Amino acid sequence: MSEATLPDEGLAANSAAPSDRSDRRLRGNLGVASIVFMVVAAAAPLGVIGGVVPLGLSAGNGAGFPATFVAATAILLLFSVGFTAMTPFVEEAGAFFSYVRQSLGLPVGIGIAFVAVVSYVALEAGVYGLLGPAGASVVELFGGPALPWWLFAAAAFAVTTYLGYRNIELSSRVLAVLLTAEIAIVAILDVVIVARGGDHGLSSGIVNPDAVLSGSLGIGLLFAIISYVGFEATAIFRDEARTPERTIPRATYASLLLIGVFYAVTSWALISGWGDEQAVARATDHGGTFLGDTAARYIGVFGADVITVLYFTSLFACILAFHNVASRYLFALAQKDVLPAALSRPHPEHGSPHRASLWISAVVATSVTLAVLFGLDPAAQFYTWFAGATTVGIVTLLIATSVAVLVYFARDRRGCSQWRVRIAPALGLIGLIGSLALILTNLSDLVGGSSVLAWVIIGLLAGAFAAGSVVGRRIA
């Protein structure tokens, strides 16, 4: 296997000629808005509001749950201060693994890359377990027959594979339309609830210390952190972004603020729509229909039906966004000759990582097929297990990147302030370590109460990191 030339490190030279290396770069003209649409779509905001928020209300800290979104946003903004400070000094696409590789060395960087690929592919595959039943609900909503969930998963898979093969700007336009629609309908619901003053006044739980600290704050923060998975993918689109040194930081901050405000305001509005105690009770007893019931109460049956449809499209947007991210991780690894060089050849017309995209599709298709053959419950088992792996993996990536930022700027701040490269990243790291501790403590509950499965997930991610590190040492 030939060895790769990487900026700022004394690694062995790649056998590819410079002109050949330039042919192994993706092409695009993405601005801040396009990247924000893809990143926010990956977070699946309507899916979070319809699925995670009821869980946070019932199992977390009740009426104080919206405040956990504020806390999570603060932690991730602190992380992003150092992350974006290092962006101008990372001249390659590859997101987390590029940052870690440049600061902590190739073996650690490739190990982190393997963890990232496992995490993103797991979530892409797992979300099909939510999308399938959601698609069946849409058909039944319009008087159609009850159909198996895997039919809708197969249809969405075909569209995702097609869009992943094409130019990234086509995917960004599709995501922009879907995301705009889902945010618009939820925003209308929020405005109506607030304008009517809620059920009997607007909730004060978001600013009430007693409410915020009630119940299980740890579980609440756990669900809040899960809801942001995907925001960190801004840097993976570096080669396809206009002026990435400015575009990537702006897109990162914009995505975080948009997601955080949307989650905090909407969860607060939904609680206000029922009243603190009644909202928690309904989320506990009718979590699956909590959002739809609230919509029917305030904007009518038609509005609830629209949300049912957009919940399905939100999940599709999430799948497409993570497919794009995972494909680009494989592409970046192939550029380093960790994977076959053919995967780092962009499509001659679309400039897309088409071969890497097809690889990801093959793995996802296999996962969904096995879930169907083994008769797994699409949501309670297939999605939950895979989402658990993703949650642990992504927070681990955030921690590794925070360490990489602190190490990179330890001796030379490169003109940046102490706040940007030392204080904020250190505070963010503390918050992330605390979040990971909460996630690991509650992981068995997150994956259906199985401690064995929780250890399998941890072992899978540890094995991925170890395998990547071994490969990294061999090519270094």
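Let's start at the second largest pocket, whose lining has 16 nonpolar residues, one polar and no charged ones. Keep in mind as you click around that this is a predicted model.

**Stop 1: the second largest pocket**

To find the spot, select Val 118, Ala 122, Phe 386, Ala 389 and Leu 460, which lie nearest the centre of this pocket among its 17 lining residues. The volume here is about 370 Å³. Now colour the helices around it: H6, H14 (354-373), H15 and H18 (451-475) each give two or more residues to the lining. Which of these gives the largest share of the lining? That's H6, with five residues.

**Stop 2: the largest pocket**

Next, select Gly 47, Gly 51, Val 52, Leu 130 and Tyr 311. Those five lie nearest the centre of the largest pocket, which is lined by 48 residues. Its volume comes to about 1,200 Å³.

Show the helices around this one too. H3 (45-59), H6 (106-141), H10 (217-226), H13 (290-335), H15 (378-408) and H17 (443-446) each supply at least two lining residues. H13 is the top contributor, giving ten residues to the lining.

**Stop 3: H3 against H12**

The axes of H3 and H12 come within 8 Å and cross at roughly 115 degrees, so the two helices are roughly perpendicular to each other. Their crossing is left-handed.

To see where they touch, select Pro 54, Leu 57 and Ser 58 on H3, then Ala 279, Val 280, Ala 283 and Thr 284 on H12; these residues meet. By class, the contact of H3 with H12 has five nonpolar residues, two polar and no charged.

**Stop 4: H15 against H16**

Now go back to H15 and bring up H16, residues 418-441. How far apart are the axes of H15 and H16? They are 9 Å apart, and the helices pack at an angle of about 155 degrees. H15 and H16 are therefore roughly antiparallel to each other. H15 passes H16 in a left-handed crossing.

For a look at the contact, pick residues on H15 including Thr 391, Val 395, Ile 399, Ser 402 and Leu 406, and on H16 including Arg 422, Pro 425, Leu 429, Ile 433 and Leu 440; they are part of the set where H15 meets H16. The residues of this contact divide into 16 nonpolar, three polar and one charged.

**Stop 5: H4 against H16**

The axes of H4 and H16 come within 7 Å and cross at roughly 135 degrees. That makes H4 oblique to H16. Once again you'll find a left-handed crossing where H4 passes H16.

On the H4 side, select residues such as Ile 75, Phe 79, Gly 82 and Ala 85, and on the H16 side Trp 419, Arg 420, Ala 424, Gly 428 and Ser 435, all among those in the contact of H4 with H16. Which classes make up this contact, and how many of each? There are twelve nonpolar residues, five polar and one charged.

How values were computed. Residues numbered from 1 in each chain as written. Predicted model: local features only at pLDDT ≥ 70, side-chain atom pairs only at ≥ 80, totals over all residues. Heavy atoms only, no water. 1 Å grid on protein atoms, 1.4 Å probe; cavity = no way out; pocket = protein on both sides within 12 Å on 5 of 7 lines; lining within 4 Å. Points joined across faces, edges and corners; volume = space filled by probe spheres on them. Helix = DSSP H or I, 4+ residues; strand = E, 2+ residues; numbered from the N terminus. Nonpolar A, V, L, I, M, F, W, Y, C, P; charged D, E, K, R; others polar. Axes fitted to C-alpha atoms, helices over the stretch in contact; angles between N-to-C directions. Parallel < 35°, antiparallel > 145°, perpendicular 65-115°, else oblique. Left-handed = near helix turned anticlockwise from the far one by under 90°. Contact = heavy atoms within 4.5 Å.
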